[in-house]
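Hi everyone, thanks for coming. I'd like to walk you through one protein chain today, so let's bring it up on the screen.

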Amino acid sequence: MNGSCHCGAVKFTFDGRPTRLVQCNCSICRRLSPLWAHGPEGKITVYAAPDATIAYVWGDKGLAFHTCKTCGCTTHWAGLEETSPQNMAANMRMCDPKEIRDIPVRLFDGAESWTFLG
Ligand SMILES: [Zn+2]
């Protein structure tokens, strides 16, 4: 599946079709409202100039949220620690809505319990 930010400066491909999309309520996801499909890296390939995104890193600095500098869409996050087995996720809201509408959405409680709620 293919995703793109609004202006097209940041594109990604997700190899195959995700079995689920993850909606998270952590401090940043509740503000951005992405639908995540997780890597590992290799399943997700990002196509963007190195300076095309703002890489937002906070807290324990384990990952970076990437947002297009031009149009403001948050397209993916990438782990900053090489040991992480699942070190990337793509925001599938960047994809054609018709392609993702039948994929089940699971709610992840990233705010408190760090478990799936449904
Ligand atoms: Zn853009």
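Starting at the N terminus, the elements go β-β-β-α-β-β-β-β-β-β-α-β. That gives two helices and ten strands for the protein chain. Please keep in mind that this is a predicted model.

Now for the overall form. What radius of gyration does the protein chain have? The value is 13 Å, and a compact globule with 118 residues would come out near 13 Å, so the two agree. If you draw a box along the principal axes, the C-alpha atoms fill roughly 35 × 35 × 25 Å.

Let's look at how the chain packs against itself. Take the contacts between residues at least 6 apart in sequence: 55% of them join residues at least 24 apart. Of the 118 residues, 39% count as buried.

Next, the inside. Which residues have the most contacts within the largest nonpolar core? They are Phe12, Leu21, Met92 and Ile100, in a core of 20 residues. At least two residues of this core come from strand E2 (11–14), and at least two from strand E9 (88–91). Leaving aside residues up to four places away in sequence, Ile100 touches Met1, Leu21, Leu35, Met92 and Cys95. There is also another core, apart from that one, with ten residues, including Cys29, Trp36, Phe65 and Ala89.

Let me stay with Trp36 for a moment, in strand E4 (residues 36–38). Is Trp36 buried or exposed? Its relative accessibility is 2%, and the cut-off for buried is under 20%, so Trp36 counts as buried. Beyond residues up to four places away in sequence, its contacts include Arg20, Val22, Thr74, His76 and Asn91. Trp36 and Met88 are 52 residues apart in sequence, yet their C-alpha atoms are 9.5 Å apart in space.

One last stop: where does Asn87 lie? You'll find Asn87 in the loop between strand E8 (74–79) and E9. With a relative accessible area of 13%, Asn87 is buried. Again not counting residues up to four places away in sequence, Asn87 touches Pro40, Glu41, Trp77, Ala78 and Gly79. Trp77 is also among the residues that Trp36 touches.

That's my tour, and I'm happy to take questions!

How values were computed:
Residues are numbered from 1 along each chain as its sequence is written. This is a predicted model: local features need pLDDT of at least 70, side-chain atom pairs count only at pLDDT 80 or more; totals for chains, interfaces and linings use all residues. Side-chain values use heavy atoms; hydrogens and water are left out. Helices (H or I, at least four residues) and strands (E, at least two) are DSSP runs, numbered from the N terminus. The radius of gyration is taken over C-alpha atoms; the globule rule is 2.2 Å times the number of residues to the power 0.38. Buried means under 20% relative accessible area, exposed over 50%, partly exposed in between (1.4 Å probe, protein chains only). Contact means heavy atoms within 4.5 Å. A nonpolar core is a set of buried Ala, Val, Leu, Ile, Met, Phe, Trp, Tyr and Cys residues joined through side-chain atoms within 4.5 Å.
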